[in-house]
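Let's walk through this chain together, going from its overall layout to one residue.

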Amino acid sequence: MPNLPKLNLPPIHLRGKKEGDRTYIWDSVRKMFLVLTPEEWVRQHILGYLINHLHRQPQQISLEHPVNLNGMAQRADIVVFGNDAKAEILVECKAPDIELTDAVLAQAVRYNSVVGARYIILTNGIDTKLYTLTKEGTYQEL
């Protein structure tokens, strides 16, 4: 595996392979190998946290969930659905060296205007922020 930073998330077991100069990791939800990028490193760790620690079923999780914003195809990194098939959590993952700024929150809020989840999580694997949608329609950090 390439030299990627230790994250502030529980360790996970990753299955990887190397082809030429690229390293791939197995995504157990999408059932495919993906190029290991710093953002994918974070996404796989938060995915492991959702499944192994929050006990979410893989069937409740959509990775790179399609979001149509003003006719433009976008993708939310992770959307977690409840037993009622309604979105509960939208997760925006960034590489560990990307700061979780207001612009990152604004991106997640735009996606969530379509998805409609109650919670937004922003994470770069080092820092993680959790927001909830208030009755007034604003986002409050928890």
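Helices (H or I, at least four residues) and strands (E, at least two) are taken here as DSSP runs, numbered from the N terminus. By that count, the chain has two helices and nine strands, and from the N terminus on they follow the order β-β-β-α-β-β-β-α-β-β-β.

A word on the source: this is a predicted model, in which local features need pLDDT of at least 70 and side-chain atom pairs count only at pLDDT 80 or more, while totals for chains, interfaces and linings use all residues. Residues are numbered from 1 along each chain as its sequence is written, and side-chain values use heavy atoms, with hydrogens and water left out.

Now for the overall form. Along the principal axes, the C-alpha atoms fill a box of roughly 50 × 35 × 30 Å. Of the 142 residues, 44% count as buried (under 20% relative accessible area; exposed is over 50%, partly exposed in between, with a 1.4 Å probe and protein chains only).

Let's finish at T128, found in strand β8 (residues 128-133). With a relative accessible area of 44%, T128 is partly exposed. Leaving out residues up to four places away in sequence, T128 touches L100, I121, L122 and T123, where a contact means heavy atoms within 4.5 Å.
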